[in-house]
Amino acid sequence: MSKALGTFALVTVLSALLMALSLAVARHGYPYGAFGVKRLDGIADAGSFLAIAAVYFFGAMLMMILPIRAAGIVLTHAADAIFWATIMLFATIVGSLIARWAFGQHEVLWALFNWRFLFVAVIVAAHLTMNELRRNILLRSLFFVIFGAVTLACLFWSFST
């Protein structure tokens with residue numbers, strides 16, 4: 001957990017510094033600053049977490065039914081990478097918004113209250129409790145169904161805003 005928080009904090013600071021640099025360059029009238037802002041804003045979409053959650057929970061569903069060796073491969077080669085990508089992407093979004101807030105755009109922090117960011121919390125919570133879920137056969141069966149439902153919902157439900 002502390003490694004995840006440390007990674008989140010570091011990526012947040014780095015992305016905030018990059019966004020602040022881009023905003024400062026853009027304020028001085030250089031077009032390169034606008035390019036930097038546009039690139040960092042391009043990933044700042046809460047809707048991208050729907051697809052990430054679908055892939056993660058499909059892997060989590062497989063981890064519930066596969067034997068321990070195969071589940072370990074799915075965990076280390078898929079779920080763990082998606083977990084870190086989720087943390088990195090969310091930290092980048094938070095850092096960019098903090099930099100915009102520091103440059104006087106105080107309304108941008110309301111973007112963090114998008115309900116689609118709940119998928120970040122769900123992915124992190126599922127990943128941190130995965131060992132507990134694998135130990136108990138009842139929890140494994142129950143969460144196989146839950147992870148399957150979440151996967152299908154992320155793929156096929158419209159989640160209109």
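This is a predicted model: local features need pLDDT of at least 70, side-chain atom pairs count only at pLDDT 80 or more; totals for chains, interfaces and linings use all residues.
Local features require pLDDT of at least 70, side-chain atom pairs count only at pLDDT 80 or more, and totals for chains, interfaces and linings use all residues. Residues are numbered from 1 along each chain as its sequence is written, and side-chain values use heavy atoms, without hydrogens and water.

Helix α7 spans residues 137-156, 20 residues in total. Helices here are DSSP runs (H or I, at least four residues), numbered from the N terminus. From first C-alpha to last, α7 reaches 29 Å, close to the 28 Å expected at 1.5 Å a residue; the expected span is 1.5 Å times one less than the number of residues. At its N-terminal end, α7 is capped by Asn 136. A side-chain oxygen of Asn 136 lies 2.9 Å from the backbone nitrogen of Leu 138.

The whole structure holds 11 aromatic pairs. Rings of Phe, Tyr and Trp (its six-membered ring) pair if their centres lie within 6.5 Å; planes under 30 degrees apart count as stacked, over 60 as edge-to-face and the rest as tilted. Trp 115 and Phe 119 form a tilted pair, 6.3 Å centre to centre with 50 degrees between the planes. Phe 143 and Phe 147 form another tilted pair, at 5.5 Å and 50 degrees. Both lie in α7, 4 residues apart, about one turn of the helix. Phe 147 has a relative accessible area of 3%. Phe 8, Phe 49, Phe 90 and Phe 117 form one aromatic cluster.

Note on methods:
Helices (H or I, at least four residues) and strands (E, at least two) are DSSP runs, numbered from the N terminus. A polar contact is a pair of N or O atoms within 3.5 Å; within protein, one must be able to donate a hydrogen and the other to accept it, and residues adjacent in sequence count only if both atoms are side-chain atoms. Buried means under 20% relative accessible area, exposed over 50%, partly exposed in between (1.4 Å probe, protein chains only).
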